[in-house]
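Please keep the sequence and the model in view while reading.

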Amino acid sequence: MISATFEALRVQLQETAATFADGVGLVGATFSPPKITPGTSIDVKIEWLSQRASSDDYTIFVQVRDESGSTVAQADGRPGNGSYPTNAWRPGDIVWDRHQ
């Protein structure tokens, strides 16, 4: 089962690791446990920064790949399990998006 939750927080300034279309910035991501074995549930937390308002509604995807590069699990969806789409983000919003 894959589920997603989110939290949003407005901040003055935050550095990003990467910036995508329309000023969607990836601040970071964490996952646990650090070592994955078959059948293990994974908790992925992604931190986004909205650098400017957008009218586009983007989909976020998370993939787990094995040693050979094959995708073994994937989650696709709007942030917050659809409850906080990117076209609702305001400049300065920090969005925590979790997937399991």
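How many salt bridges does the structure hold? The structure, which is a predicted model, holds three salt bridges. The points below take these pairs in turn and then pass to aromatic rings and to the cavity.

**Salt bridge between Arg98 and Asp43**
- Arg98 pairs with Asp43, and their closest N and O atoms are 2.4 Å apart.
- This pair links distant parts of the chain, since Arg98 belongs to strand E7 (residues 93–99) and Asp43 to strand E4 (residues 43–50), 55 residues apart.
- Arg98 has a relative accessible area of 33%, so it is partly exposed.

**Salt bridge between Asp57 and Arg78**
- Asp57 and Arg78 form a salt bridge through their side chains, at 3.1 Å from N to O.
- Distant parts of the chain are linked here too: Asp57 is in the loop between E4 and strand E5 (60–65), while Arg78 is in the loop between strand E6 (71–77) and E7, 21 residues apart.
- Asp57 is partly exposed because its relative accessibility is 38%, a value between the limits of 20% and 50%.
- Arg78 is likewise partly exposed, with a relative accessible area of 33%.

**Salt bridge between Arg90 and Asp93**
- The side chains of Arg90 and Asp93 form a salt bridge, with an N to O distance of 3.6 Å.
- Arg90 is partly exposed at a relative accessible area of 45%.
- Asp93 is buried, because its relative accessibility is 2% and buried means under 20%.

**Aromatic rings**
- The structure has two aromatic pairs.
- In the pair of Tyr84 and Trp89, the ring centres lie 6.3 Å apart and the planes meet at 35°, so the pair is tilted.
- Tyr84 is buried, with a relative accessible area of 13%.
- Trp89 also counts as buried, at 2% relative accessibility.
- Another ring, that of Trp96, has Lys45 over its face, at 4.1 Å from the ring centre.

**The cavity**
- Empty space can be found by rolling a probe the size of a water molecule over the atoms.
- One cavity of 30 Å³ or more is found when the whole structure is searched.
- The largest cavity holds about 30 Å³ of space.
- Its lining consists of Asp22, Gly23, Val24, Ser50, Arg52, Ser54, Thr86 and Trp89.
- Sorted by class, the lining of the largest cavity comprises two nonpolar, four polar and two charged residues.

Note on methods. Residues numbered from 1 in each chain as written. Predicted model: local features only at pLDDT ≥ 70, side-chain atom pairs only at ≥ 80, totals over all residues. Heavy atoms only, no water. 1 Å grid on protein atoms, 1.4 Å probe; cavity = no way out; pocket = protein on both sides within 12 Å on 5 of 7 lines; lining within 4 Å. Points joined across faces, edges and corners; volume = space filled by probe spheres on them. Nonpolar A, V, L, I, M, F, W, Y, C, P; charged D, E, K, R; others polar. Salt bridge = Lys/Arg side-chain N within 4 Å of Asp/Glu carboxyl O. Helix = DSSP H or I, 4+ residues; strand = E, 2+ residues; numbered from the N terminus. Buried < 20%, exposed > 50% of the residue type's maximum accessible area, 1.4 Å probe, protein only. Phe/Tyr/Trp six-rings, centres within 6.5 Å; stacked < 30°, edge-to-face > 60°. Lys NZ or Arg CZ within 6 Å of the ring centre and 35° of its normal.
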